[in-house]
Amino acid sequence: MGEVVLPRRMFLWCMAVIYLTAFVSLYVQIPGLYGNEGLLPARWQLRYSGKPLVEQLLSSPTLLWLGPRLGLDTHTAMELLCLIGAALSLAATLVEAFRDSVVFFCLWVLYLSMYEVGQVFLYFQWDNLLLETGFLCILVAPLTLIRGSRGVREHDRVTFWLTRWLLFRLMFASGVVKLTSRCPTWWGLTALTYHYETQCIPTPLAWFAHQLPVCWQKLSVVGAFVIEIAVPFLFFSPLRRLRLGAFYLQVLLQVFIILSGNYNFFNLLTVTLCLSLLDDRHVYFWLRKAYKTDNGNDDSKLWSWLCYLLELVVWALLIVGTIICFDLQLDTAKKGISSRTAFTYHQFNLFLKTVTIPCIWIGVLSLTWEMVTSLFRCACVSGFFKRFWGTVQWTVFAGAAASMFAVSLVPFTFIEYDSNSRLWPGVRQAYEMVDRYQVVNSYGLFRRMTGVGGRPEVVIEGSSDGVTWTEIEFMYKPGNLSAPPPVLTPHQPRLDWQMWFAALGPNTQSPWFTSLMYRLLQGKRDVVELIQSDVSQYPFHQQPPAYLRAHRYRYWFTESKADGSFPERWWRRVYDEEFYPIVHLGNSFLEGMLNQYGLKDKSPPRRLSNTTVAQAVRWVRSQVRGVPAHTLIWTLIACSATFCLLQGLRHKNKDAEKPSDAHKATATDRTENAADGSSSDHHEKSDEQQADEEDDKEADSEDEVEEEGEEENEVDDDEEDEDEERIEKR
């Protein structure tokens, strides 16, 4: 694989942006979710028992234990940590020097602190993925703030390889669990005929995707299986064009998901991981710049043709395998392509048992190759001390990479029990030690397709008299039949997401829902802002409702009209059943549920802290109150991207001016030399003329002497001829 300097820098910049998104998105929702009057107050998770700080951190690794020592309550400390994380990630986005290993360590610790007290609202796979990727950033990023240099290190390719391994685990497991779950929609290739309308928060484009013919929906499922199960093996191919093809296929899948669904920063994080498949040469191709290599001779034509042939064979096998496994055939009657799953669950299990261990060995060989090549680079460094220091760094980071790879095998093999049982016991023990820190995790999204009989949706209704009921409309989740689906990526409204999960079962499976009803009856503004950031849009903003109830409905997307025109409404619904009975403050059922789940705070109201830090945190909250979270996030991202773009253009102009300045300096030197040497040139020319005249004179005299000598020789020759004639006559 070629150099990875530019993809690594792009990866770190994207991670800074994603951290910024995650912290800002969570910060906006902290008062309603974890405040002292929120749904699940975070202070309930921290029991101050008088133990030493070290023991508290070991029991629950969160910086919120430091709140009382700073004179802050848990709510204010949580907001402070989020603001610090947002500020650090914004600095890392704008200034490359802050994309440092120390900064990323701080960001990881801050988000882990939120995760530890986040409870059900933070227990999503993308939160785990962010923590694992963020931990890898600590190894990938340079030590700029300490070492003072952002130069390329010989072990960078080893640590950056870990992101490629994480991408492989994520995509391969996501494809495998869809089939191991035995979900009939995935096995029947009909999952996407339900997915677009039953996902948590669809986008407007999801309505149009839902209208596609069934044959296209089934082909989309086939494509998803190929991209998630087969293509990830190309991540470790020694041929770069195969890796680039795998990169574009993965990005294509993520773009389709982003366009059809609001999955916060998850898909952006997956695309960021895909950058590990690139090299500097391809990034230069994007920038339309010539890529200079150290090797002067290009590969031979024979080798190039062999590579092309091998790549064609791989893609051909992939296409043929897809046709065979899913029985793809042209259907002339329906003018489409028919498809079905041509293998059984038992056959797929055999395949999974066959490939799981080889997947591990592929990872071992790939990582070993990166380690060996990096060690060779260390050996080629000039200078003893540089070579020694580079070798020490390689030893440390190679050992860290090998340890991370070994520990990750435990969650990776969760997809196949026999392979997991064959792992070395020491690896499982190491995994148990680091499991609480979310360093490595298991993944598998959309295991089963929900809402096959219609999308279940909980609708809360309020009343002031118990007779006239008004629906409480959420800002993002479906409710109003005429309201279009929103576009809010990369923000995640965590209450709306949990409302989607709550609708899948009875209210007893979601204890926090009782707390929601209780806080709405109390009229708590922080909780109301989770439903509507503009409180004036909340139907009971002037006075809390006296009664509340909740019903479950079944929602479907509307269909386009026969003439091809669009319907007036986006949704249609049918009443299903009662989800939560009519309750009011003091209601026996409500009080019983609150006591059963421990949701009623019996402690006296806590006094707000008046320290300078607490006042500053409250002032920041007052400035952003009422602003929609997705608007705030996109404003920060747009401003940061604009600043980085202008900074890049300025550096480009400076680089362009350097050659012209050098050319001008050279021309000036030439003119000065010419001016200084003009008089001396004149004297030199006169001296040269005098020397030439003297040379000419000397040459003329020599010629005269030679002519005289020749004449004398001719006279002597004549005399000799006459003497010879006389002798002959005698």
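**Aromatic pairs, core and sheet: a chat**

Mentor: Let's start with the rings: the structure holds 55 aromatic pairs. Bear in mind that this is a predicted model.

Trainee: Take tryptophan 207 and tryptophan 570, then. Is that pair stacked or edge-to-face?

Mentor: Edge-to-face, because the ring planes stand at 80°, and over 60 degrees counts as edge-to-face. The ring centres are 6.1 Å apart.

Trainee: Where do tryptophan 207 and tryptophan 570 sit in the chain?

Mentor: In distant parts of it, 363 residues apart. Tryptophan 207 belongs to helix α10 (residues 204–210), while tryptophan 570 is in the loop between β5 (547–557) and β6 (571–583).

Trainee: And is tryptophan 207 buried or exposed?

Mentor: Buried, because its relative accessibility is 3% and the cut-off is under 20%.

Trainee: Which residues form an aromatic cluster?

Mentor: One cluster is made up of Phe124, Trp126, Tyr263, Phe266, Phe446, Trp497, Trp500 and Phe501.

Trainee: What about charges over rings? Which ring does the charged end of arginine 621 sit over?

Mentor: The ring of tyrosine 27, with the charged end 4.1 Å from the ring centre. There's also lysine 477, whose charged end sits over the ring of phenylalanine 474, 5.2 Å from its centre.

Trainee: Switching to the core. How many residues are in the largest nonpolar core?

Mentor: That core has 181 residues, and Ile460, Leu495, Phe513 and Leu516 have the most contacts inside it. Helix α1 (residues 5–34) gives the largest share, 15 residues.

Trainee: What is phenylalanine 513 in contact with?

Mentor: Setting aside neighbours within four places in sequence, phenylalanine 513 touches Val458, Ile460, Met499, Ala550, Phe579 and Tyr580.

Trainee: How much of the chain is buried overall?

Mentor: Buried residues make up 46% of the chain's 730 residues. As for contacts with a separation of 6 or more, 76% of them are between residues 24 or more positions apart.

Trainee: How many helices and strands are there?

Mentor: The chain has 26 helices and six strands. Four strands form an open sheet in the order β4-β3-β5-β6, with antiparallel pairing.

Trainee: Which strands are at the edges of that sheet?

Mentor: β4 (470–471) and β6, each of which pairs on one side only. β4 is joined to β3 (residues 455–463) by two bridges, and these two strands run antiparallel.

Trainee: What does glutamate 461 stand opposite?

Mentor: Glutamate 471, in β4.

Trainee: Now helix α15. How far does it reach?

Mentor: Helix α15 (residues 301–325) has 25 residues and spans 36 Å from first C-alpha to last, close to the 36 Å expected at 1.5 Å a residue.

Trainee: Which residues of α15 are buried, and what do they pack against?

Mentor: Cys307, Glu311, Leu318 and Thr322 are the buried ones. The buried residues of α15 pack against α11 (214–230) and α12 (240–260). Just after α15, aspartate 327 takes a positive phi of about 50°.

Trainee: How far is phenylalanine 388 from cysteine 378?

Mentor: The two are ten residues apart in sequence and 8.2 Å apart in space, C-alpha to C-alpha.

Key: Residues numbered from 1 in each chain as written. Predicted model: local features only at pLDDT ≥ 70, side-chain atom pairs only at ≥ 80, totals over all residues. Heavy atoms only, no water. Phe/Tyr/Trp six-rings, centres within 6.5 Å; stacked < 30°, edge-to-face > 60°. Buried < 20%, exposed > 50% of the residue type's maximum accessible area, 1.4 Å probe, protein only. Lys NZ or Arg CZ within 6 Å of the ring centre and 35° of its normal. Core = buried A, V, L, I, M, F, W, Y, C linked by side-chain atoms within 4.5 Å. Contact = heavy atoms within 4.5 Å. Pairing = 2+ DSSP bridges. Expected span 1.5 Å × (residues − 1).
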